[in-house]
Amino acid sequence: MNSFKVAVLGDVGVGKSSILLRFIANKFSPYHNSTVGAAYYVKEFHINGDSNKLYIWDTAGQEKYRSLVPMYYKNGNAIIIVYDLINYASYERAKIWFNEVIKYHDNSNANGYPIVYLVGNKLDLIMNDQKLRKVSSDVLMEFAKVNNLSIFEVSAKTGQNVTELFSVINGKLRELYQTNRLKNKNTTSSVIDIMTVKSSDKKGFCCY
């Protein structure tokens, strides 16, 4: 079984814990106590007879815990940075989180890690009223293109795209692990069955 470390970052109130509650237990609660330090979850994926185990760290968004956050994404294989789709300031802060992650990792990991996903939460509100959207798709696409990262929009409340997000991350980690293992063994590459997801809803998008 392959094991991967995933860290979830973002400001307080953007819905990090709600996304993980939806993913782990398929539940939603509108009321959450703020995470203190970090919370820890484990989730297994089984694909075509292979198993991956994700060790997921839900980090605190409060400023007073900020100095502690790097220890949770240190040596991380995947990093999820969450912002609130109806709060532009949270998106600006997400970009700061991203820059800190890249600076910390120096973008030099030969294995292709960490992979970074920028995730907008509260998609359900946007679906009901597009005027609430504070971060346009064009802005997101440009930021993703320039920084070579992936973007998702999800709803912790309805569950839309939450499982798909982690399925795509799991597939990408599996691909990178296999590629790196093959490189180390000096063998030829083999075909890896990677799960891909496309959004069928044109009002919101899933991943790019």
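Let's start where two helices touch: Tyr91, Lys95 and Phe98 in H3 meet Val139, Leu140, Phe143 and Asn147 in H5. Sorted by class, this contact has 5 nonpolar residues, 1 polar and 1 charged. Keep in mind that you're looking at a predicted model.

How do the two helices line up? The axes of H3 (residues 88-105) and H5 (residues 137-147) come within 13 Å and cross at roughly 5°. Angles under 35 degrees count as roughly parallel, so H3 is roughly parallel to H5.

Now zoom out. The protein has 6 helices and 6 strands, and if you walk along the sequence they follow the pattern β-α-β-β-α-β-α-β-α-α-β-α.

Next, look inside. The largest nonpolar core holds 26 residues, and Ile80, Val119 and Phe166 are the ones touching the most other members. Strands E1 (2-9), E3 (50-59), E4 (78-84) and E5 (115-121), along with helices H1 (16-25) and H6 (162-184), each supply at least two residues of this core. H6 gives the largest share, with 7 residues.

Finally, the whole protein. Of its 208 residues, 48% count as buried. Among contacts between residues at least 6 apart in sequence, 73% join residues at least 24 apart.

Technical notes:
Residues are numbered from 1 along each chain as its sequence is written. This is a predicted model: local features need pLDDT of at least 70, side-chain atom pairs count only at pLDDT 80 or more; totals for chains, interfaces and linings use all residues. Side-chain values use heavy atoms; hydrogens and water are left out. A nonpolar core is a set of buried Ala, Val, Leu, Ile, Met, Phe, Trp, Tyr and Cys residues joined through side-chain atoms within 4.5 Å. Buried means under 20% relative accessible area, exposed over 50%, partly exposed in between (1.4 Å probe, protein chains only). Helices (H or I, at least four residues) and strands (E, at least two) are DSSP runs, numbered from the N terminus. Axes are lines fitted to C-alpha atoms, for helices over the stretch in contact, and angles run from 0 to 180 degrees between N-to-C directions. Angles under 35 degrees count as roughly parallel, over 145 as roughly antiparallel, 65 to 115 as roughly perpendicular and the rest as oblique. Contact means heavy atoms within 4.5 Å. Ala, Val, Leu, Ile, Met, Phe, Trp, Tyr, Cys and Pro count as nonpolar, Asp, Glu, Lys and Arg as charged, and the others, Gly among them, as polar.
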